[in-house]
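Q: I would like a close look at one part of this model, namely its strands. Please describe how they are arranged, and then what lies around them.

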Amino acid sequence: MLIEDKFVIDAPLEEAWTFLLDIPRVSQCVPGVKEIEQVDEETYRGTLFVRVGPIAANFQGKVVLEEVDAPHHLRASAQARDQATSSMASINF
């Protein structure tokens with residue numbers, strides 16, 4: 001499945017970039033994020049709770065900042081697993 005969207009941030013480039021790289025702060029904008037922990041300069045661990053109808057999952061995983069060319073380009077990936085259902089999720093952004 002491919003989900004794609006674009007939007008404009010009404011802020012100076014440097015300010016928007018600083019916010020987007022503050023992973024604990026930006027994670028507060030993601031519904032269901034329970035915790036975020038920085039592992040090293042490029043890696044973060046966290047927990048995300050998701051409910052779709054009667055199905056619920058508690059994903060534990062990591063986000064890796066793979067390419068950072070401030071303030072113009074960022075490539076990252078996330079991988080997580082729900083222990084109860086063995087469901088996996090991954091995303092590249």
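A: **The strands and their surroundings**

Read along the sequence, the protein follows the pattern α-α-β-β-β-β-β. The model is predicted, and it holds two helices and five strands. Its C-alpha trace spans about 40 × 30 × 20 Å along the principal axes. Of the 93 residues in the protein, 19% are buried.

Strand β1 covers residues 33-38 and strand β2 covers residues 43-52; the two pair in the antiparallel sense, over five bridges. Together β1 and β2 form a hairpin, with four residues between them. Across this pairing, Glu-37 stands opposite Arg-45 in β2.

The facing pair Glu-37 and Arg-45 also makes contact through side chains: these meet in a salt bridge, at 3.6 Å from N to O.

Strand β3 (residues 55-69) runs antiparallel to β2, and ten bridges join the two. Within this pairing, Gly-46 stands opposite Gly-61 in β3. β2 and β3 also form a hairpin, with two residues between them. Gly-53 sits in that turn and has a positive phi of about 60°.

The next pairing involves β4 and β5, which run antiparallel and are joined by five bridges. Here the bridge partner of Ser-77 is Asn-92 in β5. β4 and β5 form a hairpin with five residues between them, and Ser-86 in the turn has a positive phi of about 60°. How many of the five residues of β5 are buried? The count is zero, and β5 is hardly covered.

The salt bridges come next. The count for the protein is three. Apart from the one between Glu-37 and Arg-45, there is one in which the side chains of Arg-75 and Glu-66 meet at 2.6 Å, N to O. Arg-75 has a relative accessibility of 36% and counts as partly exposed. Glu-66, with a relative accessible area of 36%, is partly exposed as well. Arg-75 also forms a salt bridge with Glu-67, where the closest N and O atoms are 2.9 Å apart. Glu-67 counts as partly exposed, at 34% relative accessibility. Through shared partners, these salt bridges join Glu-66, Glu-67 and Arg-75 into one network.

Rolling a probe the size of a water molecule over the atoms shows where empty space is left. The largest pocket has a volume of about 2,000 Å³. Its lining is made up of 50 residues, and those nearest its centre are Leu-20, Val-26, Val-30, Ile-91 and Phe-93. Which elements give two or more residues to this lining? They are α1, α2 (23-26), β1, β2, β3, β4 (73-82) and β5 (88-92). The largest share of the lining, seven residues, comes from α1.

Helix α1 covers residues 13-20 and includes Leu-20, which is among the residues nearest the pocket centre. Leu-20 also takes part in a nonpolar patch on the surface, together with Phe-7 and Ile-9. The patch has about 310 Å² of accessible area in all.

Definitions and conventions. Residues are numbered from 1 along each chain as its sequence is written. This is a predicted model: local features need pLDDT of at least 70, side-chain atom pairs count only at pLDDT 80 or more; totals for chains, interfaces and linings use all residues. Side-chain values use heavy atoms; hydrogens and water are left out. Patches are made of residues with over 30% relative accessible area and no salt bridge: like charges are joined within 9 Å, nonpolar side chains (Val, Leu, Ile, Met, Phe, Trp, Tyr) within 5 Å. Accessible areas come from the Shrake-Rupley method with a 1.4 Å probe; for residues, only the protein chains shown count as cover. A salt bridge is a side-chain nitrogen of Lys or Arg within 4 Å of a carboxyl oxygen of Asp or Glu. Two strands pair if DSSP finds at least two bridges between them. On a 1 Å grid over the protein atoms alone, a cavity is a set of points where a 1.4 Å probe fits but cannot get out, and a pocket is an open set with protein on both sides within 12 Å along at least five of seven lines; lining residues have an atom within 4 Å of a point. Grid points are joined across faces, edges and corners, and a volume is the space filled by probe spheres set on the points. Buried means under 20% relative accessible area, exposed over 50%, partly exposed in between (1.4 Å probe, protein chains only).
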